[in-house]
Amino acid sequence: MQQETISSGPVGTQRRVLVVEDEPTIAESIAARLGAEGFKVAVAHDGPGAVDGFHTWQPDLVVLDIMLPGFDGLEVCRRIQAQRPVPVLMLTARDDETDLLVGLGVGADDYMTKPFSMRELAARVNVLLRRVERAQQAARTPALGSLRFGELEIDHVQRRVRLGSGDVHLTPTEFDLLACLAAQPRAVLTREQLLAEVWDWTDASGTRTVDSHVKALRRKIGASWIRTVHGVGYALEAPLS
């Protein structure tokens, strides 16, 4: 059952955030911090309540714990993304890369491992929402057009990726990461550069986030498209002709 706790801070963006967390203390802390940041916040404590709350409340972003009663956060993510694409920041108590890749694979855009700072969580929420705004602006700018590298086509206007004759379904973060690499084909971009361009982060604390998203992206388009330069970063392996 969803419990709604709407808050608004002094500089309210009035964007809606659904927080899904079964631990009341953590849920209340997240809601309070995001409320102080100016968001409207609703809280759900289990899987069914999260899906129902998403349907009725129509949030702009979801903060989603993996371990939930009813059914877990991975199933919640699958169901809500089937209703309407929305940025999802996933929370996990286990620092397990397999879990993280599965989360990214069902439509999460970013993740944080507990324990985490509320300051960083608020920053990541803001970054994810800014990315949505940038995507909407890009969709209104036909001049960006599309890029083609052999069988791989990246359509910036529709934010679609095609490989051969089929569409590749990417999360917003995965699309932005691929588009960033494709803007400089065959050039090596450092993890720090990718963090700044894709995540709007100015420090190197999230380099593992880059690595996990690259792995998730490789699963969808094929490992051969993205080259790892050990100790440096990544490059799009575009055909020379």
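Biologist: Why is D65 called buried in this predicted model?

Modeller: The relative accessible area of D65 is 3%. Buried means under 20%, so D65 is classed as buried.

Biologist: Where is D65 found, and what does UniProt list for this residue?

Modeller: D65 belongs to strand β4, which covers residues 61-65. An unreviewed UniProt entry lists D65 for "modified residue: 4-aspartylphosphate". Such annotations may be inferred rather than shown by experiment.

Biologist: Which residues does D65 touch, and what makes them contacts?

Modeller: Not counting residues up to four places away in sequence, D65 touches V20, E21, D22, G73, L91, T92 and K114. Contact means heavy atoms within 4.5 Å, so each of these residues has a heavy atom within that distance of D65.

Biologist: How do you know that D211 and Y234 are joined by a polar contact?

Modeller: Their side chains are joined at 2.6 Å. The cut-off for a pair of N or O atoms is 3.5 Å, with one atom able to donate a hydrogen and the other to accept it. The value of 2.6 Å lies within 3.5 Å, so the pair qualifies. D211 is placed in helix α8, and, leaving aside neighbours within four places in sequence, D211 is in contact with R191 as well as Y234.

Biologist: What makes a set of residues a nonpolar core, and how many residues has the largest one?

Modeller: The members must be buried residues of listed kinds, Leu and Ile among them, joined through side-chain atoms within 4.5 Å. The largest such core has 29 residues, and those with the most contacts inside it are L178, L194, I226 and L236. Helix α6 gives the most to this core, with seven residues. Apart from it lies another core, of 25 residues, including L18 and M90. In soluble globular proteins, nonpolar side chains tend to be buried together.

Biologist: Which residues are in contact with L194?

Modeller: Beyond neighbours within four places in sequence, the contacts of L194 include W199, V210 and Y234.

Biologist: Where is confidence lowest, and where is it highest?

Modeller: Strand β1, residues 2-4, has the lowest mean pLDDT, 47, whereas strand β2, residues 16-20, has the highest, 97. Over residues 5-12 the pLDDT is below 50, although this stretch has 22 contacts in the model beyond near neighbours in sequence. Where pLDDT is low, the predicted coordinates should not be read in detail. For the protein chain, the mean pLDDT is 85.

Definitions and conventions
Residues are numbered from 1 along each chain as its sequence is written. This is a predicted model: local features need pLDDT of at least 70, side-chain atom pairs count only at pLDDT 80 or more; totals for chains, interfaces and linings use all residues. Side-chain values use heavy atoms; hydrogens and water are left out. Helices (H or I, at least four residues) and strands (E, at least two) are DSSP runs, numbered from the N terminus. Buried means under 20% relative accessible area, exposed over 50%, partly exposed in between (1.4 Å probe, protein chains only). pLDDT is the predictor's confidence in each residue, from 0 to 100.
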